[in-house]
Amino acid sequence: MTTLDRDETHTPAAPPPPVVAGRPLPLRVAVPLAVAAGLALLVAFPPYGVWPLAPVGVALLAAAAHRRRLRAGAGLGFLTGVAFFAPLLAWTNLHTGYLPWVLLSLLQAGYLALLGAGTAWVSPLADRSRWAWPALTGLLWVGQEALRDRTPFGGFPWGRLAFSQDTSPLLRLAALGGAPLVTFAVALVGGLLVTAAWRGWVTARHTPAGPGGPQNAAPGPDGPQGAAAWRWVPVAVPAVVALALTGGGLLVPVAAAGSGATVTVAIVQGNVPRLGLDFNAQRQAVLNNHVDATIELAGRVAAGQQRRPDLVVWPENSSDIDPLRNPAAGARISQAADTIGAPILVGAVLLGPGAGQVRNAGILWRPGTGADMDQLYTKRHPVPFAEYVPLRDVARIVSKQVDLIRSDFVPGSTPGVVRAGPAVLGDVICFEVAYDEVVRDTVTGGAQLLVVQTNNATFNVAEARQQMAMVRLRAVEHGRPALMASTVGVSGFVAPDGRVSDATGFNTREVVVRQLRLDDGRTLATRLGWWPEVALAALAAAALLGAAVLRRRQRVMPG
């Protein structure tokens, strides 16, 4: 036996270095991972809807930014953000030119740059306790979204992880803690996946393979092969927990139907003559489309072909002619309400209250009496640079399209609780469905049915489907039936368990009618309000502070 043979026989191989030691992934690997993370996140959202890719995208970014310097982590996060937001928000450039879309995408990517830097910053905590890595990942995502949802100019919550889970078992978690808890769960699963993958990579690097299996495994109770098998336990456990957590969402109880009175509701999707920013120039035609479609519905009711609705919902911008000041427009809406014999929730643009100001409103129009001024909701969260223009002179340099907004929309001050007689409605308008507190305020104010009035004529079907995913989450979050009424689609009804019924096509004229059972109860998410997000964001801040303390200690340690 040679000396080499004796050494191989009697000297056990050194165990692999602990996971706490090591370098970040090579940059040539991390950069493609960051881009792949953004693309995986993109495909998780409608219109693709491959929801399992959301935690995969989270895991890829976490792996790419782990153990990096802050600037490198931020750069990798920014790459993920561009790969994700640029195509996700491509519908914003359909009629406004490329520059506003590019600027919005870069702004949103900046928040993922902060996330990448935060991921790099907390790496010592993740290395100190491998089981902390999933929780840190979840907390940082919630913190990033909490910031992005509110800044600047009131924030832009599009692209929250929770909104990618409309067909996922994790959607049910919305009933417990709203969108922040769903985001946390998705990112937690992603953290479990990266934990498993990272340990698998380390184990594979330090477990040489041979004809009979690993050759240098440290001896264990079952011999070298048994010890090698135990090496993979830290890989398998987080992967199994990730699958269990995802499937466990199915155990969260949600209501399949409401428990209150039954009402029949009609959605009128009147369509527009042409898609694009000039839909305003077609405002008489758009109003006529909705009036005529409602009168046609009344004809089917009179013929016994359709149940008479207790309520009719028209979308946002169905009357861009102020029906309170224009007698002809008001008369046409009254004609529709009188003919159908039911109140109509009209999406209208109202002039005032001051000179050069307008309001985006939902107003109840009753048969026989007309506009009910006590049941009027004014949109509380107008969209910056779309419904009002901050810094107009600067914005004009970016795009002259801002001058299409001649009058700034002024916000309302009260929640959209509209008492329509047969039902109390929780009215939110267009992008407001993305804001937690705007929807929640209607439910705590007594809403039994959530109504989203929207106008997708300036966007495309991808944007409409992304918005419908938000409506699905809100229905589960608050245990309410919901509906989305769009000028051009997609319109449809949503049950309290998130199922969609009678969804319309895009750029079509359609009327859908359905019986709904109302609900007055409150889910845990409704009762808790914003506290789950506050708690998770506070823990994220504590993690960042804890990482700072640990980094300081590591710098002052001798040797």
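Me: Let us take buried to mean under 20% relative accessible area, and exposed to mean over 50%. In this predicted model, is Thr454 buried or exposed?

Reply: Thr454 is found in strand β9, which covers residues 449–454. The relative accessibility of Thr454 is 0%. That is under the 20% cut-off, so Thr454 counts as buried.

Me: Which residues does Thr454 touch, not counting residues up to four places away in sequence?

Reply: Thr454 is buried, at 0% relative accessibility. With residues up to four places away in sequence set aside, its partners are Pro315, Glu316, Cys430, Gln467, Met484, Ala485, Ser486 and Thr487.

Me: Stepping back to the whole chain, what share of the 559 residues is buried?

Reply: The chain has 17 helices and 13 strands. Of the 559 residues, the buried share is 53%.

Me: Now for the helices: are α3 and α5 oblique or perpendicular to each other?

Reply: Helix α3 takes in residues 53–65 and helix α5 residues 98–121, and their axes lie 8 Å apart. The packing angle is about 60°. Roughly perpendicular would need 65 to 115 degrees, so this pair is oblique.

Me: What is the handedness of the crossing of α3 and α5, and how do the contact residues divide into nonpolar, polar and charged?

Reply: The crossing is right-handed. On the α3 side the contact uses Leu61, Ala62 and Ala65, and on the α5 side Leu115, Gly116, Thr119 and Ala120. Gly counts as polar here, and the division is five nonpolar, two polar and no charged.

Me: How is α3 oriented relative to α7, and which residues make the contact?

Reply: Helix α7 spans residues 132–148, and its axis comes within 11 Å of that of α3, crossing at roughly 105°. The two helices are therefore roughly perpendicular. Their contact residues divide into five nonpolar, one polar and no charged. They are Val58, Leu61 and Ala62 of α3 with Trp133, Thr137 and Trp141 of α7.

Me: Ala62 is in the contact of α3 with α5 and in that of α3 with α7. How far apart in space are Ala62 and Leu115, C-alpha to C-alpha?

Reply: Ala62 counts as buried because its relative accessibility is 4%. Beyond four places in sequence, Ala62 touches Thr119, Trp133, Thr137 and Val194. Ala62 and Leu115 are 53 residues apart in sequence. In space, their C-alpha distance is 9.4 Å.

Me: Turning to charges, what separates Glu477 and Arg474 in terms of helical turns?

Reply: These two form a salt bridge, with the closest N and O atoms 2.7 Å apart. Glu477 and Arg474 are both buried. They are three residues apart in helix α15 (residues 461–478), so the separation is about one helical turn.

Me: How many residues apart in sequence are the parts that the pair of Arg332 and Asp292 ties together?

Reply: The two side chains meet in a salt bridge at 3.6 Å, N to O. Asp292 is partly exposed because its relative accessibility is 29%. Arg332 belongs to helix α12 (residues 327–340) and Asp292 to helix α11 (residues 283–302), so the parts tied together are 40 residues apart.

Me: Where does Asp502, the partner of Arg514, lie?

Reply: The salt bridge between Arg514 and Asp502 has an N to O distance of 3.1 Å. Arg514 is in strand β13 (residues 510–517). Relative accessibility is 34% for Arg514 and 32% for Asp502, so each counts as partly exposed. Asp502 lies in the loop between β12 and β13.

Me: Last one: which residue just after α14 takes a positive phi?

Reply: Helix α14 covers residues 436–444, and its buried residues are Asp436, Val438, Val439, Arg440, Thr442 and Val443. Just after this helix a phi of about 115° is found, and the residue is Gly446.

Definitions and conventions. Residues are numbered from 1 along each chain as its sequence is written. This is a predicted model: local features need pLDDT of at least 70, side-chain atom pairs count only at pLDDT 80 or more; totals for chains, interfaces and linings use all residues. Side-chain values use heavy atoms; hydrogens and water are left out. Axes are lines fitted to C-alpha atoms, for helices over the stretch in contact, and angles run from 0 to 180 degrees between N-to-C directions. Helices (H or I, at least four residues) and strands (E, at least two) are DSSP runs, numbered from the N terminus. Angles under 35 degrees count as roughly parallel, over 145 as roughly antiparallel, 65 to 115 as roughly perpendicular and the rest as oblique. A crossing is left-handed if the near helix is turned anticlockwise from the far one by less than a right angle, and right-handed if clockwise. Contact means heavy atoms within 4.5 Å. Buried means under 20% relative accessible area, exposed over 50%, partly exposed in between (1.4 Å probe, protein chains only). A salt bridge is a side-chain nitrogen of Lys or Arg within 4 Å of a carboxyl oxygen of Asp or Glu.
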